[in-house]
Amino acid sequence: MDIRRAVGMAGLALLLLACEREEKMVREDLPMARATKARTDAQAIATAVNTYRASCGGGLPESLEALTTQTVVGGAPCGPMLGSIPTPPPGWSAYVYARQGDGFTVSSSSGAQSVSAP
């Protein structure tokens, strides 16, 4: 019985150690993964805005929603450029599209972290 108990205790110790490592990975890697998703989404939206500009008469869309609908420019259909606006990762703000003269930015943030494109 003493050997079984010792093996059981060793197994339990290994299981606890594995749980601690997994918890550390979630605590450290999950925020990085969420930031990567937000950055990738912002870049994908920026690419869609540039595609809209190139395909729909040279102007910027009025809003992000314009990227998900078909419009007619000069009698020709244009769009949609995206099936839907990506959902930001948990804890991140909705993607914000801001026109600035002939340029634009797409951004999102979570606490002290923020991403923007282009």
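This is a predicted model: local features need pLDDT of at least 70, side-chain atom pairs count only at pLDDT 80 or more; totals for chains, interfaces and linings use all residues.
Trainee: What sits between E3 and E4?

Mentor: There are two residues between them in what is a hairpin, and Gly101, in the turn, has a positive phi of about 65°.

Trainee: What is the strand order in the sheet?

Mentor: The sheet is open and has three strands in the order E3-E4-E5, with antiparallel pairing. E3 and strand E5 (113-117) each have a single partner strand and stand at the edges, so one side of each is left without a neighbour in the sheet. From one strand to the next, the twist averages 25°.

Trainee: Switching to the core, which residues touch the most other members?

Mentor: The largest nonpolar core has 21 residues, and those touching the most other members are Ile45, Val49, Leu67, Tyr97, Phe104 and Val106. Helix H1 (2-55), E4 and E5 are the elements that give two or more residues to this core, and H1 gives the most, with eight residues.

Trainee: Okay, charges now. How many salt bridges are there?

Mentor: The count comes to two salt bridges. In one of them Lys37 pairs with Asp41, the closest N and O atoms being 2.5 Å apart, and both residues lie in helix H1, four residues apart, about one turn of the helix.

Trainee: Is Asp41 buried or exposed?

Mentor: Asp41 counts as buried, because its relative accessibility is 11% and the cut-off for buried is under 20%. Lys37, by contrast, is partly exposed, with a relative accessible area of 33%.

Trainee: And what does Glu62 form a salt bridge with?

Mentor: Glu62 forms a salt bridge with Arg99, where the closest N and O atoms are 2.9 Å apart. This pair links distant parts of the chain, since Glu62 is in the loop between H1 and strand E1 (71-73) while Arg99 is in strand E3, 37 residues apart. Glu62 is exposed at 66% relative accessible area, whereas Arg99 is partly exposed at 41%.

How values were computed
Residues are numbered from 1 along each chain as its sequence is written. Side-chain values use heavy atoms; hydrogens and water are left out. Two strands pair if DSSP finds at least two bridges between them. Axes are lines fitted to C-alpha atoms, for helices over the stretch in contact, and angles run from 0 to 180 degrees between N-to-C directions. A nonpolar core is a set of buried Ala, Val, Leu, Ile, Met, Phe, Trp, Tyr and Cys residues joined through side-chain atoms within 4.5 Å. Buried means under 20% relative accessible area, exposed over 50%, partly exposed in between (1.4 Å probe, protein chains only). A salt bridge is a side-chain nitrogen of Lys or Arg within 4 Å of a carboxyl oxygen of Asp or Glu.
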